[in-house]
Amino acid sequence: MKIAIIGSGMAGLTCAARLSNAGFAPTVFDKGRGLGGRMATRRAEGGFQFDHGAQMIPCEDAAFRSLLEQAKASGHVAQWDMGDGNANAVGTPGMTALAKYLAQDLDLHQQTEITSVTQTDAGWELTADQPLGTYDRVICTAPAPQTDRLVGHALTEPLDQVSYAPSLTLMVALNRPLDAPITQTNPTDALAWIALDSAKPGRPSRHCWVAQSSADWSATHLERSKDEIATLMLDLFLTHHGLDATEVAYATAHRWRYALVKEPLGQAFVASTDGTVYAGGDWCLGPHIEHAWQSGTAIAEDILRCA
Ligand SMILES: Cc1cc2nc3c(=O)[nH]c(=O)nc-3n(C[C@H](O)[C@H](O)[C@H](O)COP(=O)(O)OP(=O)(O)OC[C@H]3O[C@@H](n4cnc5c(N)ncnc54)[C@H](O)[C@@H]3O)c2cc1C
């Protein structure tokens with residue numbers, strides 16, 4: 001059975017790894033340069049590094065915890081002491097490490113944006129800037145609005161009830177240590193999260209901080225250019241900490257249009273009536289990496305059950 005998976009985020013890679021372990025050889029396509037989707041790590045000139053998407057890996061599901069324990073044993077995940085009495089799992093040396101752990105031995109095609117999924121007599125034909133072949137099963141794990149555009153016509157459920165909050169992220173490296181907590185939740189009306197990224201295990205020893213804007217502030221400024229967002233957020237960050245611009249070694253911003261799931265679908269995946277097209281991701285069950293893992297696992301198990 002030829003299987004194509006769209007998306008090398010947590011859901012797509014989880015599904016691919018499970019199918020691969022069961023003896024299938026899925027092909028994974030992603031439009032991004034790096035693995036992991038929103039579980040993202042940015043490296044910048046000067047040796048700076050930032051997790052500019054997901055910050056940590058909360059875990060409630062025992063089976064997901066078991067995956068994290070295995071990834072810890074192989075050095076891809078470690079516990080982050082957040083300095084406030086709390087600790088959480090994180091990828092190490094960056095959040096993408098968990099994706100890399102899952103992706104070992106998979107057939108991956110990054111920088112390949114799928115533009116159409118069309119049914120033919122031979123199966124589902126995928127196209128990027130060129131035809132990519134015909135597949136018996138297609139699994140789409142892009143965010144719900146993008147999934148809807150690609151394969152919505154084949155699915156039994158509408159996806160328009162799923163909604164997201166956007167998020168804008170500032171990545172800033174300072175010239176010196178800053179006397180501030182390792183993490184700050186809702187430190188100002190505009191900023192929902194500030195963290196010393198360099199305090200996570202295995203990071204290069206630089207003074208790299210990540211700040212994420214609140215849902216309201218993100219929605220208000222979403223369509224500004226990245227440079228404008230960086231300027232505005234840097235000003236918020238510096239003012240909050242009583243710093244001036246001479247102390248900044250590097251700053252940039254990232255826009256996440258579909259950041260955190262607000263209203264999930266409420267079921268682990270959706271498929272076509274004939275079971276040849278599946279769609280899933282965090283948007284099926286909730287806002288976290290764990291939800292993407294649950295969805296990707298459920299899709300793989302359903303394909304194996306029907307095979
Ligand atoms: C700023 C921010 C902070 C967050 N913080 C946390 C946190 O601390 N803890 C937590 O658990 N979760 C957090 N999350 C949420 C977490 O990142 C997601 O729940 C999880 O990573 C979603 O995984 P996924 O595989 O469902 O989707 P994604 O990671 O979005 O993967 C989908 C993939 O599909 C690809 N794609 C889309 N369209 C196409 C196409 N046409 N062709 C090819 N590829 C395509 C994308 O490039 C992407 O790689 C955060 C998210 C953001 C943005």
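**Charges, rings and the ligand**

Modeller: Let's start with Lys200: its charged end sits over the ring of Trp80, 5.0 Å from the ring centre. "Over" here needs NZ of Lys or CZ of Arg within 6 Å of the ring centre and within 35 degrees of the ring normal.

Colleague: And what sits over the ring of Tyr135?
Modeller: The charged end of Lys2, 4.6 Å from the centre of that ring. Before we go on, this is a predicted model: local features need pLDDT of at least 70 and side-chain atom pairs pLDDT 80 or more, while totals for chains, interfaces and linings use all residues. Residues are numbered from 1 along each chain as its sequence is written, and side-chain values use heavy atoms, leaving out hydrogens and water.

Colleague: OK, the ligand. How many residues surround it?
Modeller: 35, with Asp30, Arg38, Met56, Asp282 and Ile289 the closest. To count as near, a residue needs a heavy atom within 4 Å.

Colleague: Which element gives the most to the shell?
Modeller: β16, with three residues. α1 (10-21), α4 (144-151), β16 (248-263) and α7 (289-306) each supply at least two. Helices (H or I, at least four residues) and strands (E, at least two) are DSSP runs, numbered from the N terminus.

Colleague: Why does the ligand lie between the two domains?
Modeller: Because domain 1 (3-41 + 62-71 + 96-161 + 266-306) and domain 2 (163-262) both give residues to its shell. The bounds come from an automatic or database domain assignment.

Colleague: What about backbone contacts?
Modeller: A polar backbone atom of Met56 is 2.8 Å from a ligand nitrogen, and a backbone N or O atom of Ala11 lies 2.9 Å from a ligand oxygen. Polar contacts here are N or O pairs within 3.5 Å.

Colleague: Switching topic: where is the cis peptide bond?
Modeller: Between Thr92 and Pro93, with omega about 15°. Pro93 lies in the loop between β6 (87-91) and α3 (97-103).

Colleague: And what's the phi of Asp105?
Modeller: Positive, about 70°, although Asp105 isn't a glycine. Asp105 lies in the loop between α3 and β7 (107-109). Most residues other than glycine have a negative phi, and most peptide bonds are trans.

Key: A polar contact is a pair of N or O atoms within 3.5 Å; within protein, one must be able to donate a hydrogen and the other to accept it, and residues adjacent in sequence count only if both atoms are side-chain atoms.
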